[in-house]
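Try each task with the model open, then read the solution.

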Amino acid sequence: KRHKFWETQPVGQFKDLGDTSLPEGPIEPPTPLSEVKQEPYNLPNPYEWITCDIDSDEMCDEVYNLLTHNYVEDDENMFRFNYSKEFLRWALRPPGYYRSWHIGVRAKSSKKLVAFITGIPARIRARDNVVTMAEINFLCVHKKLRSKRLAPVMIKEVTRRVHLENIWQAAYTAGVVLPTPISTCQYWHRSLNPKKLIDVGFSRLGARMTMSRTIKLYKLPESTVTPGFRKMEIHDIPAVTRLLRTYLNQFVVAPDFDENDVEHWLLPKENVVDSYLVESTETHEITDFCSFYTLPSSILGNQNHSTLKAAYSYYNVATRTPLLQLMNDALIVAKRKDYDVFNALDVMQNESFLKELKFGPGDGKLHYYLYNYRIRHELRPIELGLVLL
Ligand SMILES: CCCCCCCCCCCCCC(=O)CSCCNC(=O)CCNC(=O)[C@H](O)C(C)(C)COP(=O)(O)OP(=O)(O)OC[C@H]1O[C@@H](n2cnc3c(N)ncnc32)[C@H](O)[C@@H]1OP(=O)(O)O
Ligand SMILES: CCOC(=O)c1cnc2ccc(OC)cc2c1SCCC#N
């Protein structure tokens, strides 16, 4: 497949795949800041760049509406991600964020937002190198403006603005195959509301299975079973940071979270992120942690249901409680909070609980990418300790 744009970029190229002589690490050296293009890339005439201030209700509404109608759909167009406004504000304003990396494209005449792309700064470790990277997300071009080569311009513009902050690497995921994935992961889904998933056509009644038998198969207890299992609170940040940093050390690529990052990304936020921990009833030490984020989806073309309430496994650490039991408690909490499905990637140690907790494999793949950073061998999902939103 010809990748006319991606063949021009400092990313692993398919033609280099076999070449083990290429060193791991940055592909191109940084450019002197004086040589970074100072002015924005040219857009086709009817359009102009707009820096999106996500704090402004009006702008946040515009971003929310563009994504609600034009963001990612599954291959069967059954669902479209429906990130909430409070989720977008969380996702885009981590410690050290740059408003200039929240980039929109407007039609000059109608003033309508027609495209969007974002970056946030993140310290990511690749093997033994901690690199400050941009995490790129929410790339979206209005359905009416597709296949006009707008995406490469959006990508070059966010790259330029990231370069201006002296950052030269990026991390991103996509459902599409581009040059060149550092890893390819699989989504797994655990039904919490099997009747709804069957009604919308995602799941089908198993052979020789009745609806009531199916509901019983996925039934969960009312309350969690692990002694000391409770919501994370602000005073837990130091202990959770220690627990998570130690746990993430085992992976080839993982975030380098400090306490500020843990406070932002893992302190519970209603309808955005839930996190729980196990505090030993004897020693009061924090021995385990689990978390999931809330990402609803619009259900496309169904008479009875308009929204799917989905929980996505985030970061989980089990050092005393069996991971199976910890994640089952996470399912119990998610069911009690009326989620329809609990989704997880086969990254980190997730494989160890997926089948046993009745997750089924999805048909979607998620490819992980690094920009301007070569990883010598493609990573197995269990070597990945990074979850992007
Ligand atoms: C140092 C800092 C560096 C920062 C930057 C790092 C890199 C960040 C990279 C971005 C990471 C985003 C991560 C992220 O947000 C999470 S992945 C979600 C992406 N968004 C969606 O799928 C929403 C629905 N789709 C659309 O809005 C459009 O189809 C988009 C905008 C996707 C493409 O618009 P279009 O109208 O359909 O297509 P053209 O404009 O005509 O352009 C065609 C070219 O775009 C390449 N393409 C298609 N999908 C892509 C994708 N998901 N990533 C990268 N490239 C993608 C394609 O391969 C082709 O290039 P090629 O000819 O070389 O093959
Ligand atoms: C019921 C299981 O599927 C999903 O939860 C779901 C929901 N919305 C989507 C929107 C766009 C979409 O585009 C790939 C996929 C979904 C999916 S499956 C992959 C995400 C997970 N897990």
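**Exercise 1: the shell of ligand 2**

Ligand 2 has 13 residues around it, and E73, Y187, H189, S297 and N343 come nearest; a residue counts as near if one of its heavy atoms lies within 4 Å. Before going on, note that this is a predicted model, with local features needing pLDDT of at least 70 and side-chain atom pairs pLDDT 80 or more, while totals for chains, interfaces and linings use all residues. Residues are numbered from 1 along each chain as its sequence is written, chains are lettered from A and ligands numbered from 1 in the order in which they are written, and side-chain values use heavy atoms, without hydrogens and water.

Solution, step by step:
1. Now look at cover: on its own ligand 2 has 490 Å² of accessible area (Shrake-Rupley method, 1.4 Å probe), and the protein covers 90% of that.

**Exercise 2: the shell of ligand 1**

Task: which element gives the most residues to the shell around ligand 1?

Solution, step by step:
1. Ligand 1 is surrounded by 33 residues, the closest being H3, W6, L139, S147 and R149.
2. A backbone N or O atom of L139 lies 2.7 Å from a nitrogen atom of ligand 1.
3. For L150, a polar backbone atom is 3.0 Å from an oxygen atom of the ligand.
4. Helix 3 gives the most, with seven residues; helices here are DSSP runs (H or I) of at least four residues.

**Exercise 3: a charged pair**

Solution, step by step:
1. Side chains of opposite charge can pair when their charged atoms come close.
2. K85 and D61 meet in a salt bridge at 2.5 Å, N to O (a side-chain nitrogen of Lys or Arg within 4 Å of a carboxyl oxygen of Asp or Glu).
3. The pair links distant parts of the chain, with K85 in helix 2 and D61 in helix 1, 24 residues apart.
4. K85 is partly exposed because its relative accessibility is 22%, and D61 is partly exposed at 31% (buried is under 20%, exposed over 50%, partly exposed in between; 1.4 Å probe, protein chains only).

Definitions and conventions:
Polar contact = N/O pair within 3.5 Å; in protein donor to acceptor, adjacent residues only side chain to side chain. Helix = DSSP H or I, 4+ residues; strand = E, 2+ residues; numbered from the N terminus.
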